[in-house]
Amino acid sequence: MNPEPFLQLDRVIHERGRMAIMSLLAATPELSFTEMRDTLTMTDGNLTTHLRTLQEAGYVAVTKSYQDRKPLTTCALTTAGRKAFGNYIGLLEKIVEQARNH
Amino acid sequence: MDSNRAAEHLQVIRTLMERSALYRRALAPITLQTGVIGLAGAGWGWFGGIDTAGGFGALWMTVCLVALAAAFLLARRQALKAGEPFWSPPTRRVAEALLPALTAGLVAGLLVVASGGSDPARIGWLPAIWAVLYGLALHSAGFFMTRGIKLFGWLFVLCGLGYCAYRVFFQADAGLPRLAEAHAAMGILFGGCHVAYGCYLSFTEPRKNET
């Protein structure tokens with residue numbers, strides 16, 4: 001089997017927590033911090049750490065605002081993030097496809 | 001990474017993407033509230049002796065608007081309490097899915113009331129029409145909500161069709177006051193069904209997002 005697709009997998013996304021965050025954000029224009037935390041049953045600290053990593057990679061944009069005088073943090077995929085996630089899924093599909101053909 | 005792990009990852013991604021598109025607000029309080037408003041409307045119609053076409057239409061369209069407004073406010077309160085945006089993409093998708101069938105129900109109601117005069121036989125079809133259209137609205141919204149909502153939509157469609165069959169085959173003069181039967185049907189369909197489903201959800205729904 002050609003190991004190339006596996007070697008090309010984006011290490012930033014290829015971690016369970018960050019892959020879950022990217023998956024959630026890929027299906028919706030934006031999500032609040034609490035929605036993600038509740039859906040993924042992550043702790044605040046864990047989610048913050050993963051978001052920071054994704055933010056540093058330029059894959060996620062974090063916006064802080066106020067709703068009814070309460071702070072509201074929303075996250076969205078950047079164009080680069082969407083493209084990287086698309087490539088990541090493409091590579092996973094290639095790995096599955098290769099196994100089928102062998 | 002072997003192909004099985006890759007396939008597993010793809011499945012996890014798919015599940016998470018589907019989950020993020022779902023509307024997740026607690027439905028038990030909203031459903032119970034809607035049911036109570038429906039029962040109150042039926043009581044008002046029955047005991048208030050509302051037996052004109054205009055009165056029937058005005059009462060039930062008002063009940064519908066009040067129920068919608070109350071559901072809107074409760075959902076907004078839940079969102080604010082959870083520190084989440086109210087008009088989120090899932091909320092918008094649910095509203096868009098509900099809209100066509102609810103609009104059809106409104107227009108059908110206005111047409112039947114406008115053309116029916118005070119003929120209870122004609123007005124009597126409205127609960128069935130509204131139940132079917134409401135069921136279709138719920139079924140559409142169910143694509144963006146928990147699976148139970150689709151089944152709840154089916155319940156309304158079947159009840160509406162059942163009520164149609166009852167009117168066609170078994171309509172008999174039971175000695176009820178005019179339009180009382182239609183008020184009772186509305187109370188059972190929109191009040192009773194919502195209260196029953198709300199009670200079921202109260203025991204089964206995760207409580208995290210409740211107000």
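Visitor: Is Trp130(B) buried or exposed?
Guide: Trp130(B) has 11% relative accessibility, so it counts as buried, a label for under 20% relative accessible area, with over 50% called exposed and partly exposed in between (1.4 Å probe, protein chains only). This is a predicted model, in which local features need pLDDT of at least 70 and side-chain atom pairs pLDDT 80 or more, while totals for chains, interfaces and linings use all residues. Residues are numbered from 1 along each chain as its sequence is written, chains are lettered from A and ligands numbered from 1 in the order written, and side-chain values use heavy atoms, without hydrogens and water.

Visitor: How many aromatic pairs are there over all chains?
Guide: The count is 11, where rings of Phe, Tyr and Trp (its six-membered ring) pair if their centres lie within 6.5 Å, and planes under 30 degrees apart count as stacked, over 60 as edge-to-face and the rest as tilted.

Visitor: Why is the pair of Phe56(B) and Trp130(B) called stacked?
Guide: Their ring centres are 6.2 Å apart and their planes stand at 5°, so the pair is stacked. Phe56(B), at 0% relative accessibility, is buried.
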